[in-house]
Amino acid sequence: MKKTYRIEVDCANCANLMEEAARKVSGVADATVNFMTLKMKVEFAEGAEPGAVMAEVLRACRKVEPDCEIYYE
Amino acid sequence: MRYTMNKKQKKELARILTAAAMMIAMHFAPVSGLWRLALYLVPYGIISYDILYKAMRGIRNRQVFDENFLMSIASIGAFLLAVYDGSGDYAEAVAVMLFYKVGELFESYAVGRSRRNISELMDIRPDYANIQQEDGSLARVAPDEVSIGSVIVVQPGEKVPLDGVVLEGRSAINSVALTGESRPRNIEKGQDIVSGCINMTGLLKVRTTKVFEESTVSRILELVEEAGSRKSKSEAFIAKFARIYTPIVCYSAFGLAVLPPLVNAFALGTEAVWHVWIYRALLFLVISCPCALVISVPLSFFAGIGGASRAGILIKGSNYLETLSKVRYVVFDKTGTLTYGVFAVRAVHHNTLAEEKLLEYAALAECASSHPVSRSLQAAYGKPVDRNRVRDVQEISGHGIVASVDGIRVAVGNDKLMDRLGIGFTPCHDSGTIVHVGMDGRYAGHIVIDDEIKEQSAAAIRALKKAGIARTVLLTGDNRLTAEQTAERLGIDEVHSELLPADKVAQVEILLKKKKDEDRLAFVGDGINDAPVLTRADVGIAMGAMGSDAAIEAADVVLMDDNPEQVAKAIRIARKCMGIVYQNIVLALGIKFTCLALGAVGIASMWLAIFADVGVLVLAVLNAVRALQVQNV
């Protein structure tokens with residue numbers, strides 16, 4: 001399953017870091033961040049519950065970029 | 001439309017202004033010693049608390065080397081130096097942070113603006129659809145709430161919100177936002193209409209054939225937005241580069257701070273001058289921030305893809321844009337790509353009868369058939385067919401038709417039909433499909449039917465040659481004579497004819513082996529039946545995609561209209577964009593390395609260092625936005 005979320009982040013490098021961080025979260029098969037359109041596209045692993053996974057993704061992203069925001073609700 | 005700052009940007013601006021005002025005031029304050037340091041720490045705190053915090057967080061999370069860390073070390077170091085040499089010149093330390101913040105603010109503003117510009121350019125998303133109420137009034141609803149088969153009303157000046165068929169009305173529509181073609185097109189009852197076009201003159205009633213998510217507009221937007229997920233080699237290079245670059249700069253700064261003084265003190269026996277070398281090391285840190293590169297390269301690609309989509313060329317990822325710029329071989333499918341894919345009468349070779357008469361009899365005899373050949377005969381005849389003149393129509397499968405027209409026995413068909421009826425015919429030297437006509441047992445001539453070559457095809461091949469394409473190749477299932485004549489007329493270098501779809505893949509593979517390693521091969525098709533070839537080529541280009549889902553799926557580059565000249569344009573746009581990408585890489589790295597070198601030997605000041613960081617970023621962003629301009633490429 002793939003879902004796209006609106007995100008907020010200031011710098012291109014931070015967006016790259018978010019992408020890396022999101023990919024490492026369990027339940028995420030793949031994640032891409034498009035800094036220009038401010039979108040994060042997440043492909044969930046089989047059977048993963050998007051809400052819970054996204055909470056974890058946000059926590060991981062905040063670790064690398066405290067100012068970032070992901071609108072997943 | 002003006003771009004205004006968002007809340008966060010305004011807050012940042014306020015911090016910058018406050019700190020700057022305090023700095024100016026302090027410049028005139030007659031304070032010295034510890035009090036002076038304490039006073040300078042106030043604006044420093046205001047401007048840099050978040051950066052210091054992030055740097056600390058980074059260290060705790062083992063993500064040490066980022067720009068926050070660089071800036072924190074640089075400014076704290078500058079403070080310590082000022083304390084050490086007793087100069088009391090704390091302004092530089094605060095200035096590093098202050099200008100770093102100014103740079104950050106500009107970056108965020110410029111990016112916000114170009115983001116806005118680009119999304120404005122791609123402003124094809126319709127906001128609403130009009131649905132007629134029972135009382136005849138119109139209700140505005142969100143396009144994604146309209147179900148298939150609904151009737152919507154599109155008023156003049158409005159965007160067509162969903163794909164559909166025109167039920168009522170006639171108008172001119174402008175599809176410039178989709179295809180880059182600014183000439184309006186007439187549309188009337190019964191014709192398909194594509195979302196994203198603008199209705200210009202008349203009121204149209206449209207029955208929708210697709211839901212919003214599957215309409216052309218949504219697919220295009222999705223495609224452009226998703227383009228960012230397929231990263232090019234240059235982007236991957238920059239991301240990798242940024243990862244190793246910052247640590248390298250940090251270690252070299254450390255080396256610069258420590259090694260020369262040690263060499264001075266122990267090897268040369270001179271004074272160590274620690275403070276000079278530490279100052280130079282701090283310059284290093286300020287200069288080294290990788291932002292300019294990290295932001296400008298993806299921004300250039302985004303602008304290039306955005307600009308191309310305005311010209312009706314959808315590029316599915318920056319990797320394809322990169323490949324497109326290196327294309328030296330262009331392989332064309334014939335039917336539907338260089339030709340209209342519609343059969344038409346090209347020549348009438350008659351003997352005794354007038355040309356129009358021959359066509360008229362052939363068209364009448366074939367009037368009951370829906371075969372493409374009969375349709376092309378009727379189209380060439382161009383007048384309504386009076387079926388009362390036709391009697392006793394007899395279709396002989398694989399041969400043709402015999403019918404009685406105005407009492408004359410007309411036979412229309414191929415060589416076999418003529419043989420069968422015992423009519424002596426003249427074989428034709430022309431390519432294409434030959435239709436013989438016999439009347440009352442005597443030969444009357446033949447008609448040559450051909451798939452018509454698009455009027456832009458020859459110009460398209462010329463444009464490719466001009467763009468430095470090494471070889472153009474035509475692949476077709478047609479017979480050899482037709483294929484070779486087409487190639488000759490268009491100036492195509494190489495032809496392979498009588499190919500089945502699988503043979504086309506094989507031909508492309510042979511070409512892929514033959515070409516040089518750094519050259520890329522593009523295949524151009526109409527997206528129908530050539531999906532395997534589209535995927536096998538380095539870059540697959542499908543054309544005529546307005547409304548065709550298959551083409552959008554299969555190809556890497558999608559041309560919205562079916563003008564083959566767009567192929568050369570796509571290549572030129574890709575090259576321009578890649579040019580900008582390389583310019584930015586060279587510009588950013590060049591200036592940075594020059595400033596680093598100047599800093600190391602002590603020529604650069606803190607102000608030059610700040611330019612190397614912030615100024616380069618500004619230049620690179622402005623250059624990247626240039627990739628949006630594709631109209632005159």
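Q: Which residue of E3(A) stands opposite Val28(A), and what makes E2(A) and strand E3 of chain A a pair?
A: The residue that stands opposite Val28(A) in E3(A) is Phe44(A). Two strands pair if DSSP finds at least two bridges between them, and six bridges join E2(A) to strand E3 (residues 39-44) of chain A, so the two count as a pair; they run antiparallel. This is a predicted model, in which local features need pLDDT of at least 70 and side-chain atom pairs count only at pLDDT 80 or more, while totals for chains, interfaces and linings use all residues. Residues are numbered from 1 along each chain as its sequence is written, and chains are lettered from A and ligands numbered from 1 in the order in which they are written. Helices (H or I, at least four residues) and strands (E, at least two) are DSSP runs, numbered from the N terminus.

Q: Why are strand E2 and strand E4 of chain A called edge strands?
A: The open sheet of chain A has four strands in the order E2-E3-E1-E4, with antiparallel pairing. Strand E2 (28-34) and strand E4 (69-71) each pair on one side only, and that is what makes them the edges. Helix H1 (residues 12-24) of chain A lies across E2 and E3, while helix H2 (residues 50-64) of chain A packs on the sheet and touches E1, E2, E3 and E4.

Q: How do you know that Ala95(B) is buried rather than exposed?
A: A residue is buried if 20 or more other C-beta atoms, placed from the backbone, lie within 10 Å of its own, exposed if 12 or fewer do, and partly exposed in between. Ala95(B) has 21 other C-beta atoms within 10 Å, and therefore it counts as buried. This residue is found in helix H4 of chain B, and its C-alpha lies 8.7 Å from that of Ala20(B), although Ala95(B) and Ala20(B) are 75 residues apart in sequence.

Q: What makes strand E21 of chain B mostly covered?
A: In strand E21 (residues 539-543), five of its five residues are buried. Val539(B), Ile541(B) and Met543(B) are on one side and Gly540(B) and Ala542(B) on the other, and both faces are covered. In a regular strand the side chains alternate between the two faces of the sheet. Strand E20 (residues 520-525) of chain B pairs with E21(B) in the parallel sense over four bridges, and strand E22 (residues 557-559) of chain B pairs with E21(B), also in the parallel sense, over three bridges. Ala522(B) has Val539(B) as its bridge partner, and Met543(B) has Leu559(B).

Q: Why is H20(B) called roughly antiparallel to H21(B)?
A: Axes are lines fitted to C-alpha atoms, for helices over the stretch in contact, and angles run from 0 to 180 degrees between N-to-C directions. Angles under 35 degrees count as roughly parallel, over 145 as roughly antiparallel, 65 to 115 as roughly perpendicular and the rest as oblique. Helix H20 (residues 565-601) and helix H21 (residues 606-625) of chain B pack at about 175 degrees, with axes 10 Å apart, and this angle is why the two are called roughly antiparallel.

Q: How do you know which residues belong to the contact of chain B with chain A?
A: Two residues are in contact if their C-beta atoms, placed from the backbone, lie within 7 Å, and the contact takes 19 residues from chain B and 15 residues from chain A. The largest share of the side of chain B, six residues, comes from H9(B).
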